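Dear colleague,

I am pleased to hand over the structure below for your study.

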Amino acid sequence: MVIDPISDMLTRIRNAINAKHKIVEIPSSKFKLEIARILVEEGFIVSFDKTSKDKFPFIKINLKYGKDNRTSVIKELKRISKPGLRVYVNKTEIPRILGGLGTSIVSTSKGVMTGSKAREIGVGGEILCSIL
């Protein structure tokens, strides 16, 4: 049983990048699918696909590497809001990650979206993670 599924997802991606894997499999949920969708839109991963293995749904994520196929596009994945300490911000407090080079993922009342999109719409919420 996993206490924090989002943190588990980020750790699996981080470990796969450190081991230079091309594909990582993660147990599926709607929340994780939304995070994977954002990672594709922002260009941090190539693609994702929802599959089933022995009746259990999985997300198969194709990781993205640079031209040399050694350095990952994702430099850092950091969980911000944790089960023991939730971090909520309003629309004016959403952080800019490295001056706009990175992305923060925010869970809002309008759905899961990037920090820049939440700022644009004018909603705040829980900051899930930052990607650089």
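Thr108 is buried because its relative accessible area is 11%; buried means under 20%, exposed means over 50%, and partly exposed lies in between, with a 1.4 Å probe and protein chains only. The residue belongs to strand S6, which covers residues 103–108. Strands (E, at least two residues) and helices (H or I, at least four) are DSSP runs, numbered from the N terminus.

Please note that this is a predicted model, in which local features need pLDDT of at least 70 and side-chain atom pairs count only at pLDDT 80 or more, while totals for chains, interfaces and linings use all residues. Residues are numbered from 1 along each chain as its sequence is written, and side-chain values use heavy atoms, with hydrogens and water left out.

Apart from neighbours within four places in sequence, Thr108 is in contact (heavy atoms within 4.5 Å) with Met113, Ala118, Val123 and Gly124.

Ser130 sits in strand S8, residues 125–131, and counts as buried because its relative accessibility is 7%. With neighbours up to four places away set aside, the contacts of Ser130 include Glu76, Leu77, Ile97 and Thr103.

Phe48, in strand S2 (residues 45–53), is partly exposed, since its relative accessibility is 28%. Among the residues it touches beyond four places in sequence are Leu33, Val40 and Ile61. The C-alpha atoms of Phe48 and Ile23 are 9.3 Å apart, although 25 residues separate the two along the chain.

Which residues have the most contacts inside the largest nonpolar core? They are Ile13, Ile61, Leu63, Ile74, Ile105 and Ile131, in a core of 26 residues. A nonpolar core is a set of buried Ala, Val, Leu, Ile, Met, Phe, Trp, Tyr and Cys residues joined through side-chain atoms within 4.5 Å. Helices H1 (5–18) and H2 (30–41) and strands S1 (23–27), S3 (56–63) and S8 each supply at least two of its residues. H1 gives the most, with 6 residues. A second, separate core has 7 residues, including Val89, Ile94, Val123 and Ile127.

With kind regards
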